[in-house]
Amino acid sequence: MKNTKYFPYERNNYFYGKLLSVDDFRLEQKYGNDKRRMLNRFLCGAGVVTGMNVVGVDDTTILVESGLALDYSGREIVIDEPVARRLQTLEGFSDYEEDRNTGYLYLCVDYEEEETQAVHSISHSDQKGDTSFNKIKESYRLYLTRNEPEFQGLNYRSIYETDQVIYWDKGIRVRQSMPRFVCGGDGVELKIEVENMGQQEHFAFSYELELQCLTYEGRPCLTVSFDELLFEKAGRYTVSYQLNALNVKDTAAAVSLVPDSFKMRIGQNQTVEKAEAQTTLQISSRNVREEVRRNYYDKGMEQILKGSSQSIYLAKISLLRAGEVVVINEIEKMPFQQYAAVSFLQDAMIRMLEQGGIGQSMDGDRQGETAMNGRRDPYGVDMSEGVEEIELGAGSVKGKKLFSREISHGLGIGRTAIILSLEGETSQEEYFGAGGIFRNNLPKVELAAKTDFQRGVFVIGVRVLSADMQDKIRVHWTAVRDRKEILQEKKERRIFIRPNVLNLNTRESYFLEAVCSNMNETGVVWQVKDHGGTIDENGMYTAPNTAGVYEVTAVSAAYPEVKASIFVIVKEKDVNK
């Protein structure tokens, strides 16, 4: 059933003696399908429910994993097994061939139906010839497009934020976004997102905005300017301006681009470009969250019923051209965040937020929570602490050096700062820095620490500054690590598997090599998913008895968060060769 409208609802009224026709049976199916699809759309939204990840198999081939999505009419799209396709064979690739200035394509999926199982028909009233189709198979269609979605539906951002493309030409796109609602007198962030989509020369632009019921630095106007030379070279850039809403209530505010003010400079050439922008927001007397909620319930149905023919965008594929050959440069998954709402996932996230757990586990690294009272604070720092007793020996000698055992701080591998202090005569006192400044009966000692970044351990060193009869000291230590460094180290470490794609026959074997970058410990643990064959500790992979596409993963033994995967395409052996 290709219908995309829910209303009006009609169902059969059965009675004894009723003559049931083809139209009656079709109505029966339509009624049940429309009710289910309406609930899908209104309660879950549209987008990917699970799976459908897009990965590169080789330079010209992608693999779409199995998964489930709901389209903008509430129809279920099911990819029941992974599907590998060469880009050149997908519908829409010719658009890229015709416009060689475009550096990317979007991969989309649509709901599709296919009539199957041809049978002899005794009635030719609605068929050509004497054959009809016995079944309708619900399927999907993968295709490529250069166009962005005209309607993105009620995704999480569109509920509280407006988003508008104001310029898109010459390999450059400029997008402008701001909140939908604000309270009078509050600040408003105007965000300008710039994307370089294939422009090779450096570029700069500026344009003028008129502000209504808004001000920027006390003025009702704003000059937006951007110069790529002022940023680290990247594909995307963001510039923000802080506006202020006038202290009014229940009034529409607006940001308008002044005609003919958009000036673009590419290299040494400057031109005046055509650009348009008219963004409105509501200055409300109510709380912004309540305003968002009220607006959704007031206008949600109108918004949901729009865009029933919209596709689901699975990936943005960046392409490179080498002569006549087009290869995949990068794959960005779910570029428009088209995910359907999953109630138990939302419940889990809310519970984590209530329990304060989200901030503690976003990067998946919980090594700092150790038996030595490891913890994380809200400022992005991991800490652990402990106490070490060090024997000085009877009658310590001035200048004598002593060392503790190796201590594991529990924050993992990487740069870590160690803070040391000497416990006082009671456990309520600690002394930091040079000994002897404070008058006390403690031994006069210097403390130092030596860390081993590659093993996550450290040693405390003690030098006696004066002879003393005390035979031991208690040293308190605190290990501190900036979480930004952890994330940076994770970004720098890489694993590459050779080859990056593998084609084998069933039961055939091949040796895989894991190449570790920026890691002293190069050991890996091999894994195969979904019973897709076997692999030994040396990387010798043996394909299974069943043809298919299987994922093989190499996980760093020293850094479990660092991993890499390849897909092995296993085919039945051709017995005729």
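Trainee: Is Leu20 buried, partly exposed or exposed?
Mentor: The structure is a predicted model. Leu20 is found in the segment before helix H1 (22-44). Its relative accessibility is 36%, and because buried means under 20% and exposed over 50%, Leu20 counts as partly exposed.

Trainee: Which residues make the nonpolar surface patch of about 330 Å²?
Mentor: Leu20, partly exposed at 36% relative accessibility, contributes to this patch. Patch residues need over 30% relative accessible area. The nonpolar patch is made by Tyr14, Leu20 and Phe25.

Trainee: In what order do the three strands of the open sheet with S2, S3 and S6 lie?
Mentor: The edge strands are strand S2 (54-56) and strand S6 (83-86), each of which pairs on one side only. The pairing in this open sheet is antiparallel, and neighbouring strands are turned by 25° against each other on average, direction ignored. The order is S2-S3-S6.

Trainee: What is the bridge partner of Val55 in S3?
Mentor: S2 and strand S3 (residues 61-64) run antiparallel and are joined by three bridges. Within S3, the bridge partner of Val55 is Leu63.

Trainee: Is Thr61 buried or exposed?
Mentor: Thr61 lies in strand S3. Leaving aside neighbours within four places in sequence, Thr61 is in contact with Val55, Gly56, Ala84, Arg85, Arg86 and Ile328. The relative accessible area of Thr61 is 8%, so this residue is buried.

Trainee: Which residues are in contact with Ser284, leaving aside its neighbours within four places in sequence?
Mentor: Ser284 has its place in strand S20 (residues 278-284). With a relative accessible area of 3%, Ser284 is buried. Contact means heavy atoms within 4.5 Å, and the residues in contact with Ser284, apart from neighbours within four places in sequence, are Val182, Cys183, Gly184, Asp250 and Glu291.

Trainee: Why does Gly424 count as buried?
Mentor: Gly424 has its place in the loop between strand S27 (417-423) and strand S28 (430-431). Buried means under 20% relative accessible area. Gly424 therefore counts as buried, with a relative accessible area of 9%.

Trainee: How many Å apart in space are Gly424 and Val475, C-alpha to C-alpha?
Mentor: Gly424 belongs to the loop between strands S27 and S28. In sequence, Gly424 and Val475 are 51 residues apart. In space, from C-alpha to C-alpha, Gly424 and Val475 are apart by 9.6 Å.

How values were computed:
Residues are numbered from 1 along each chain as its sequence is written. This is a predicted model: local features need pLDDT of at least 70, side-chain atom pairs count only at pLDDT 80 or more; totals for chains, interfaces and linings use all residues. Side-chain values use heavy atoms; hydrogens and water are left out. Two strands pair if DSSP finds at least two bridges between them. Helices (H or I, at least four residues) and strands (E, at least two) are DSSP runs, numbered from the N terminus. Axes are lines fitted to C-alpha atoms, for helices over the stretch in contact, and angles run from 0 to 180 degrees between N-to-C directions. Buried means under 20% relative accessible area, exposed over 50%, partly exposed in between (1.4 Å probe, protein chains only). Patches are made of residues with over 30% relative accessible area and no salt bridge: like charges are joined within 9 Å, nonpolar side chains (Val, Leu, Ile, Met, Phe, Trp, Tyr) within 5 Å. Accessible areas come from the Shrake-Rupley method with a 1.4 Å probe; for residues, only the protein chains shown count as cover. A salt bridge is a side-chain nitrogen of Lys or Arg within 4 Å of a carboxyl oxygen of Asp or Glu.
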